[in-house]
Amino acid sequence: MPSVAVYDRLAKKVGEIELSDKVFGVEVNKDVMHQVVVAQLANKRQGTQSAKTRSEVRGGGRKPWRQKGTGNARQGSIRAAQWIKGGVVFAPKPRSYRQNVLKKVRRLAITSALSSKVLDNNVIVLDSLSLEAPKTKEMVNTINAFEAKKTLIVVTEGNENVYKSARNIPGVQVIPVNNINVYDILKYENFMITKDAVAKIEEVYA
């Protein structure tokens with residue numbers, strides 16, 4: 001079992017915690033993580049892009065000039081693609097970019113991402129993280145204490161003051177433990193998590 005230190009909010013070590021091998025100690029599968037990240041980003045796309053083809057552009061029903069004898073190139077419509085205000089060739093239309101990923105694949109990708117953070121020594125476990133009121137300065141002090149500029153902070157539900165304290169800090173994002181995903185784990189260099197959130201992750205993924 002991988003063992004990591006537990007710190008208070010100001011980077012003072014207060015103990016250690018044993019992490020589950022089934023969640024934080026699996027073999028890192030980069031191919032699966034890549035597949036899940038691609039699917040996650042694809043599913044975020046709205047797919048609402050649209051442009052008109054020549055049949056949808058208003059006008060252009062009459063041939064602009066006769067076929068022969070004018071010295072001009074032959075033309076059939078002023079709404080053809082080569083004309084200004086003409087239609088678009090192979091115009092993009094609304095579509096779904098959604099990719100389905102098997103549940104087992106998603107679980108493997110999550111555990112691989114978490115294990116990669118442990119291997120890189122980028123996991124910071126906090127004994128607790130709570131604020132009496134939204135204070136950005138206090139959250140900045142916590143980030144600076146660990147020298148963790150680009151950090152994903154994972155907390156349990158109902159930590160409203162922590163969300164509000166961190167939302168204006170560049171390079172820092174706070175998410176509830178139920179919303180952890182491969183993209184965010186890999187996007188941020190450091191992975192800061194409370195002990196309660198660790199227990200919740202191990203309960204779900206172990």
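# Questions on the Predicted Model

Me: Which residues does Thr 111 touch, not counting residues up to four places away in sequence?
Reply: A contact requires heavy atoms within 4.5 Å. With residues up to four places away in sequence left out, Thr 111 touches Lys 22, Val 23, Val 26 and Tyr 205.

Me: What kind of model is this?
Reply: Residues are numbered from 1 along each chain as its sequence is written, and side-chain values use heavy atoms, without hydrogens or water. Local features need pLDDT of at least 70 and side-chain atom pairs count only at pLDDT 80 or more, while totals for chains, interfaces and linings use all residues, since this is a predicted model.

Me: Why does Thr 111 count as buried?
Reply: Thr 111 has its place in helix H3; helices (H or I, at least four residues) and strands (E, at least two) are DSSP runs, numbered from the N terminus. Buried means under 20% relative accessible area, exposed over 50%, and partly exposed in between (1.4 Å probe, protein chains only). Thr 111 counts as buried because its relative accessibility is 6%.

Me: How many Å apart in space are Thr 111 and Gly 25, C-alpha to C-alpha?
Reply: In sequence, Thr 111 and Gly 25 are 86 residues apart. In space, their C-alpha to C-alpha separation is 8.0 Å.

Me: Is Ser 115 buried or exposed?
Reply: Ser 115 also lies in helix H3, and it touches Val 23, Phe 24, Gly 25, Val 26 and Val 28, not counting residues up to four places away in sequence. Its relative accessible area is 1%, so Ser 115 is buried.

Me: Which residues touch the most other members of the largest nonpolar core?
Reply: A nonpolar core is a set of buried Ala, Val, Leu, Ile, Met, Phe, Trp, Tyr and Cys residues joined through side-chain atoms within 4.5 Å. In soluble globular proteins, nonpolar side chains tend to be buried together. Of the 34 residues in the largest core here, the ones touching the most other members are Val 154 and Ile 201.

Me: What is the volume of the largest pocket?
Reply: On a 1 Å grid over the protein atoms alone, a pocket is an open set of points where a 1.4 Å probe fits, with protein on both sides within 12 Å along at least five of seven lines; lining residues have an atom within 4 Å of a point. Grid points are joined across faces, edges and corners, and a volume is the space filled by probe spheres set on the points. For the largest pocket, the volume is about 300 Å³.

Me: Which lining residues lie nearest the centre of the largest pocket?
Reply: Helix H2 (30-44) and H3 each supply at least two residues of the lining. Of the 16 residues that line the largest pocket, those nearest its centre are Val 36, Gln 40, Asn 43, Val 101 and Arg 106.

Me: Which residue in E2 stands opposite Val 4?
Reply: Two strands pair if DSSP finds at least two bridges between them. Strands E1 (residues 3-7) and E2 (residues 13-18) run antiparallel and are joined by five bridges. E1 and E2 form a hairpin with five residues between them. Opposite Val 4 in this pairing stands Ile 17.
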